[in-house]
Amino acid sequence: MTMQKVKQMWARYRVFLLIAAAVILIVLPLLGFKNSTIRIFCRILMYTTLAGSLNITNGYSGQMSLGHAGFFCVGAYTMAILATRFGISFWLLMPLAGIAAALIGLVVAVPTLRMKGLYLSIITLGASEVIRIIALNWQSLTGGSFGIKDIPRPAILSFEVDSPSKFYYVFLAVAVLFLFVSRRVLNSRVGRGWISIRENELAAKSLGIQTSSAKLTNFMYGAFWAGICGAVYAPYVQYIDSAVFSLDEGFNILSMVIIGGQGTLVGPVVGAVVVNGLTEVLRPIGEWRFVMYGALIIVMMWLRPQGLMGASDNVLAGGKIKAVKKTRRLSAGVQK
Amino acid sequence: MLKIDNLSVNYGRIEALRGITLEVKEHEIVTLIGSNGAGKTTTLMSISGLTSKMGGSIAFAGTDITRMAPEKIVHLGIAHVPEGRRVFPSLTVYENLMAGTLGNKRLDKAKIAELIEEQFTLFPRLAERKTQAGGSLSGGEQQMLAVARGLMMDPKMIMLDEPSLGLAPIIVEEIFELICRIRDMGKTVLLIEQNASMALSIADRGYVLANGEVLLSGSGQDLAHNEEVKKAYLGA
């Protein structure tokens, strides 16, 4: 009921709310927050895109990928290597890093086309580790365990993006672009094809959807945006090494998707805010906060398996659908 | 319209179809009946290109589709409504119908709107439940949705795999009436049924399958009165 009220409010004040949100997002770094606070905003925005792009694969086409950190890694290293060695412009390298990640995504996706569920998850998990280990050991290219330092910062003409509050706008632009493009894609023929694979692959096939190529494009699309995130992340921190892109990072991204709600565009946004917010709130309890995450995910799976923003008629909220059905049957029986 | 000639299909070492030959003419309801494992579903799967074939050929409207990819077969105008309904559970009824148009790139917006209207007149109950999730519909409604979704690609021929499966007798009757109306709209229907008496009562022609072979064929009436069929499938 309350959800319906929220939806009604949203429908009525949509334009107003969107403008208000845009204004807040634009002036946020100008309000005199400390640099450390603005860094948190940057993290949230970056994870909005990262978790969002993983959600395209996991939430929309129903393929459980665990290896998103690998594509993030490919994007970051593409940027770091090409920018430090050849001094190529950030703006040119950003799409290039996305394309590189998408191509690696293709390499991972092709052998997994016939796999489903757990098997696909294991392959993506392995692929993510392989990418990280290559980055750790290919010393001549990636600097091995020393990583790559002094990654040049982007500049627009002579205006250098050199502080967290300036990077904030780059992350914001990427996140907004991602959400806008993804919305269009998901409402197109391509996106509907992905969703129908999630819902029922055989039925999708019988409706004439080329499921294998749809899965490939879906995987590559998700990897592309992870690559873009990596490309912005590298000059933001100016130093990367392979340890950042561990499986922990992959699960961190995944937890945002799950907590926020798979299969909705707004879900990963909420997930990124909640998880990164909690990280800060729980900082006083130190390492214990990871225990809190674990507990939070377990509780979420019990109470709201479809995530905070997931619809209650979502396929993941299986129990609720059955409940609706049962009451209907009962009332139908009474009528007869 | 559809011609199957001497088709055989193997699953590993098991021969699912051993050289079946059958024909479906335009604007006909043709039914395939037979017990479990007779090869009915395999026949449909081979027509829509979802299994590989050992031998024989399938032609649709003069085009050889024996080794064609499934999406191309759909494009030629064959809709396949698979067994067990398989509606998209978390998409709404409307979204389910829209998903039906994905395989046919020729459809424009006006035509899609027209097709949606057509389904809602044919299945008024779906119109009532337009914004409800597919998984929340009753069994009969889900079956109607699966058929309507197949019709959304504007096919020339629609193949229905066991549409009466697991439904109450009164709903089954409703479904069969709808199948007749789909034929009257100018579509060709290939129907698979275990409910042989119902299927034969509406079919123009029928084929009886057993162990991957065509045992008998004839008009629906003839088969319904055939002693062998009566004994084996109609329980008389």
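## Close-up views of chains A and B

**View 1. The largest nonpolar core.** Of its 147 residues, A:A76, A:A101, A:F171, A:V232 and B:M159 touch the most other members. Helix α10 of chain A (residues 211-237) gives the largest share of this core, 15 residues. A nonpolar core here is a set of buried Ala, Val, Leu, Ile, Met, Phe, Trp, Tyr and Cys residues joined through C-beta atoms within 7 Å. Buried means that 20 or more other C-beta atoms lie within 10 Å of the residue's own; 12 or fewer makes it exposed, and anything in between partly exposed, with C-beta atoms placed from the backbone. Helices (H or I, at least four residues) and strands (E, at least two) are DSSP runs, numbered from the N terminus.

The model is predicted: local features need pLDDT of at least 70, side-chain atom pairs count only at pLDDT 80 or more, and totals for chains, interfaces and linings use all residues. Residues are numbered from 1 along each chain as its sequence is written, while chains are lettered from A and ligands numbered from 1 in the order in which they are written.

**View 2. Surroundings of A:F171.** Neighbours within four places in sequence are left aside; A:F171 is then in contact with A:C42, A:L45, A:M46 and A:V232. Contact means C-beta atoms, placed from the backbone, within 7 Å. A:F171 and A:V232 are both among the core residues that touch the most other members.

**View 3. Two domains of chain A.** The domain assignment gives domain 1 (1-31) and domain 2 (36-249). Such bounds come from an automatic or database domain assignment. The C-alpha centres of the two domains lie 28 Å apart.

**View 4. Where chain A meets chain B.** Here 21 residues of chain A are in contact with 23 residues of chain B. On the chain A side, α8 (189-199), α9 (201-206) and α14 (318-335) each give two or more residues. The largest share, six residues, comes from α8(A). By class, the chain A side has eight nonpolar, seven polar and six charged residues. Ala, Val, Leu, Ile, Met, Phe, Trp, Tyr, Cys and Pro count as nonpolar; Asp, Glu, Lys and Arg as charged; the others, Gly among them, as polar.

**View 5. Chain B overall.** Chain B has 10 helices and 10 strands. Its C-alpha atoms fill a box of roughly 45 × 40 × 30 Å along the principal axes. Of the 236 residues, 47% count as buried. Among contacts with a separation of 6 or more, 64% join residues 24 or more positions apart.

**View 6. The open sheet of chain B.** Four strands run in the order β2-β1-β4-β5, with antiparallel pairing. Strands pair if DSSP finds at least two bridges between them. At the edges, β2 (14-24) and β5 (63-64) each pair on one side only. Eight bridges join β1 (residues 2-11) to β2(B), antiparallel. B:S8 has B:R18 in β2(B) as its bridge partner.

**View 7. Strand β9 of chain B and its partners.** Five of the six residues of β9 (residues 205-210) are buried. Strand β3 (residues 29-33) runs parallel to β9(B), joined by four bridges. Here B:L32 stands opposite B:Y207. Six bridges join β9(B) to the antiparallel β10 (residues 213-219). B:R205 has B:S219 as its bridge partner in β10(B). β9(B) and β10(B) form a hairpin with two residues between them, and B:N211 in the turn has a positive phi of about 50°.

Key: Two residues are in contact if their C-beta atoms, placed from the backbone, lie within 7 Å.
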